Amino acid sequence: MVTATAPREKILIVDDEKTVRRSLNKCLSMNGFSCEEASNADEALAYLHHQPADLVILDIMMPGTSGTELLPQLKESFPDTAVIMATAVVEPDTIVKCMRNGAYDYITKPFDVNHLINNVQMVLEKRKLELNLKVKRQVLEGKVEEQSKELQKVFIDAVESLVGALEAKDKYTAGHSRRVTKISTDIGKALGLTNGELENLRWAALLHDIGKIGIDSSIQNKPGTLTPTEYNYILTHCSIGPGIVQPLVNDTIIEAIKHHHDSYDGTGLNQKATGEGIPLDSRILAVADSFDAMTSDRPYRAALSSSKAIEEIERCAGTQFDPVVVQAFLKTPIVDSLKA
């Protein structure tokens, strides 16, 4: 009896150095992947036009068309293909630019085998999730109005799958999104938001960290202080998240997720909006997210007491946080319970 085996994911390795290509090819092939090689941008495009790949590992610095120049072309022509950037020199601005242009992750030379395989597997899992969501979106668009209950169930199931996938990554994220959702909606009620506005806020809060599915957990859960490059890398989840949930939610929710780490005074990393130019939902999420993070154990510190966390939020009103939102937070049940 012949047993059917699952098709191996196809990876295209694009690097001008033959030794690097061969080394990656050998390592990935030994771990069950099907690999092809290209030495420059033209070869890579020619290959992909002939036969799509699940993943491209793309060297940032190549003669002729560089990896950073090729990346936007790949994302436009082959949107279902995931891309990991490879670099020998970590330049934060370049890495962030690549992530914002659609790269899923980056790896550094010389390659650590375990780290490489972990990154590749994580990126392919994220790609699979996005493709499933794309199919669900097509189903949603093809349905008729009288099937709205079924559509709502598809939507809720998809969201639950996303949140479950995120919280399954490590113990530090378990329950976080749901706690932030409760605090955020309490703040929204204190601010007098309408039911429709509260519904948008609820979904934004539930999905605010979903981009962390694409973040390397070894960096996310690093026990020590993050380097500027590592912190910049983790913040790319604000850009990754909207791309994941775009098939499911409206623009208000997308913008709330995108800006939830913006500081009220405009001093956040790579931040352009400031003050009331930041979406209100993002300003609410910033307070709720920070409170829950401070009162939860993290790899680098134990949880703060609720009273200490509240003091910190009050101290940062007008700088990191919108002072109006902070005042609303102080009227929520979680704060009132500490006064009882």
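## P72 and the basis of the model

At 36% relative accessibility, P72 counts as partly exposed, a class that lies between buried (under 20% relative accessible area) and exposed (over 50%), computed with a 1.4 Å probe on protein chains only. P72 is found in helix α3, residues 67-77, where helices (H or I, at least four residues) and strands (E, at least two) are DSSP runs numbered from the N terminus. P72 and G102 are separated by 30 residues in sequence, while their C-alpha atoms are 7.4 Å apart in space.

The model is predicted, so that local features need pLDDT of at least 70 and side-chain atom pairs count only at pLDDT 80 or more, whereas totals for chains, interfaces and linings use all residues. Residues are numbered from 1 along each chain as its sequence is written, and side-chain values use heavy atoms, with hydrogens and water left out.

## Overall composition

The secondary structure of the protein comes to 16 helices and 5 strands, and buried residues make up 49% of its 340 residues. Of the contacts (heavy atoms within 4.5 Å) with a separation of 6 or more, 65% are accounted for by residues 24 or more positions apart.

## The parallel sheet

The 5 strands form an open sheet with parallel pairing, in the order β2-β1-β3-β4-β5, two strands being paired if DSSP finds at least two bridges between them. The edge strands are β2 (34-38) and β5 (105-108), each of which pairs on one side only. Neighbouring strands of this sheet are turned against each other by 25° on average, direction ignored; axes here are lines fitted to C-alpha atoms, for helices over the stretch in contact, and angles run from 0 to 180 degrees between N-to-C directions.

Strand β1 (residues 10-14) pairs with β2 in the parallel sense over 5 bridges; among the bridge partners, K10 has S34 in β2, and V14 has A38 in β2. Strands β3 and β4 run parallel and are joined by 5 bridges, with L55 standing opposite A82 in β4. Helix α2 (residues 41-50) lies across β1, β2 and β3 (55-59), and runs at about 160° to β1.

T87 lies in strand β4, residues 82-87, and is buried, with a relative accessible area of 4%. Leaving aside its neighbours within four places in sequence, T87 is in contact with I60, I95, Y106, I107, T108 and K109. One of these residues, K109, is joined to P110 by a cis peptide bond, with omega about -5°; P110 is found in the loop between β5 and α5.

## Cavity and pocket

Grid points are joined across faces, edges and corners, and a volume is the space filled by probe spheres set on the points. A search of the whole structure finds 1 cavity of 30 Å³ or more, and about 30 Å³ of space lies in the largest cavity. The largest cavity is lined by D262, S263, Y264, I278, R283, A286, Q320, F321 and D322, and its lining has 4 nonpolar, 2 polar and 3 charged residues. In this grouping Ala, Val, Leu, Ile, Met, Phe, Trp, Tyr, Cys and Pro count as nonpolar, Asp, Glu, Lys and Arg as charged, and the others, Gly among them, as polar.

The second largest pocket holds about 600 Å³ of space and is lined by 20 residues, of which K75, P79, Y104, E130 and G243 lie nearest its centre. Helices α4 (92-100), α5 (113-142) and α11 (237-245) each supply at least two residues of this lining, and α5 gives the most, with 5 residues. The residues of the lining of the second largest pocket divide into 8 nonpolar, 5 polar and 7 charged.

Methods. On a 1 Å grid over the protein atoms alone, a cavity is a set of points where a 1.4 Å probe fits but cannot get out, and a pocket is an open set with protein on both sides within 12 Å along at least five of seven lines; lining residues have an atom within 4 Å of a point.
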